[in-house]
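Let's walk through this protein together, starting with the overall picture and then moving into the sheet and its aromatic side chains. Keep the view open as you read.

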Amino acid sequence: MCSSDLEGVESIRVLDVDCGPVSMMLRANLGVRRDISQHASVGVDPLPVSEATKKKYEDAGIYFENIKAEDIDPERLLFKNGFDEVWMYNCLQHVDDPEKILQHMVKLGKSIRIFEWINLPPCPGHPHTLTQGLFESMIKPAEWNPVIWSTGFLRGFGGTMRDEYIAIHVEKK
C-alpha cells in the first residue's frame, strides 16, 4: 500500500495488530479522535512506547491499547462492533499464540490484510515457524473471498535466514 492508496480511508475503522510506533494507520488520515461509539480505529501492541508515540496516535485520532493481541477481548466495547479492516505485518513470529491472534482477526474483521515471513525455523525472538497451512486453517475459503493470497521470496531482503513471505488480503463473504 503506498501513501496514495491511503487517501480516503478516513471512513473505515481499522484494527492494527502489533502496530508498534510506526503503524500505517498514522499515514492513513483516519480522522479526528472519535469516541468508541463512533467507530474509532485502534492499534494494539504489548511493548512499551514513548509518550511521543502515544501522542502521535492520539493526534491521529487512533486509540492505542498497550496490550498483547492475545488479550484482545472481542466483547469489550472497544472491539465489540468489529472493524472494516484488520492489519498485521511481521507480528506472528514474535507472539505467544499465533492461532489465537488469527482467531481474533477473523472474528473482528470484514477485511484482513496480513504480511508475514513464513517457513523460518525458530530462532531467538522467533519461537514459531509460520506456514501457509496455518493461514489456510484459520482463514476458511467458505467464509472469505481472497483478494490477494501470495507467497514468494523477497530477493536480497536479508535480515532473516529465509526471505519467504505470505501476503494476504481477504474479504468476508
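**A walk through the fold**

Of the 173 residues in the protein, 45% are buried, where buried means under 20% relative accessible area, exposed means over 50%, and partly exposed lies in between (1.4 Å probe, protein chains only). Please keep in mind that this is a predicted model, in which local features need pLDDT of at least 70 and side-chain atom pairs count only at pLDDT 80 or more, while totals for chains, interfaces and linings use all residues. Residues are numbered from 1 along each chain as its sequence is written, and side-chain values use heavy atoms, with hydrogens and water left out.

The accessible surface of the protein is about 8900 Å², and carbon and sulfur atoms account for 53% of that surface; accessible areas come from the Shrake-Rupley method with a 1.4 Å probe, and for residues only the protein chains shown count as cover. Four helices and seven strands make up the secondary structure; helices (H or I, at least four residues) and strands (E, at least two) are DSSP runs, numbered from the N terminus. Read from the N terminus, the elements follow the pattern β-β-α-β-α-β-α-β-α-β-β. Take the contacts (heavy atoms within 4.5 Å) between residues at least 6 apart in sequence: 67% of them join residues at least 24 apart.

The seven strands form an open sheet with mixed pairing, in the order 3-2-1-4-5-7-6; two strands pair if DSSP finds at least two bridges between them. At the edges are strand 3 (62-65) and strand 6 (144-153), each of which pairs on one side only. From one strand to the next, the twist averages 10°. Helix 3 (residues 98-108) packs on this sheet, touching strand 1 (14-17), strand 4 (83-89), strand 5 (109-117), strand 6 and strand 7 (164-172). The direction of helix 3 makes about 150° with that of strand 5; axes are lines fitted to C-alpha atoms, for helices over the stretch in contact, and angles run from 0 to 180 degrees between N-to-C directions.

Strand 2 (residues 41-44) pairs with strand 3 in the parallel sense over four bridges. Val42 has Tyr63 as its bridge partner, and Val44 has Glu65. Which residues cover the two faces of strand 3? Ile62 and Phe64 lie on one side, Tyr63 and Glu65 on the other, and all are buried.

Next, find Phe115 in strand 5. Phe115 is partly exposed, with a relative accessible area of 26%. Its contacts, not counting residues up to four places away in sequence, are Met88, Tyr89, Asn90, Leu154, Tyr165, Ile166 and Ala167.

The whole structure holds four aromatic pairs; rings of Phe, Tyr and Trp (its six-membered ring) pair if their centres lie within 6.5 Å, and planes under 30 degrees apart count as stacked, over 60 as edge-to-face and the rest as tilted. The ring centres of Phe115 and Tyr165 are 5.5 Å apart and their planes meet at 20°, so this pair is stacked. Phe115 in strand 5 and Tyr165 in strand 7 are 50 residues apart, so the pair links distant parts of the chain. Tyr165 is buried, at 15% relative accessibility. Ring pairs join Phe115, Trp117 and Tyr165 into a cluster.
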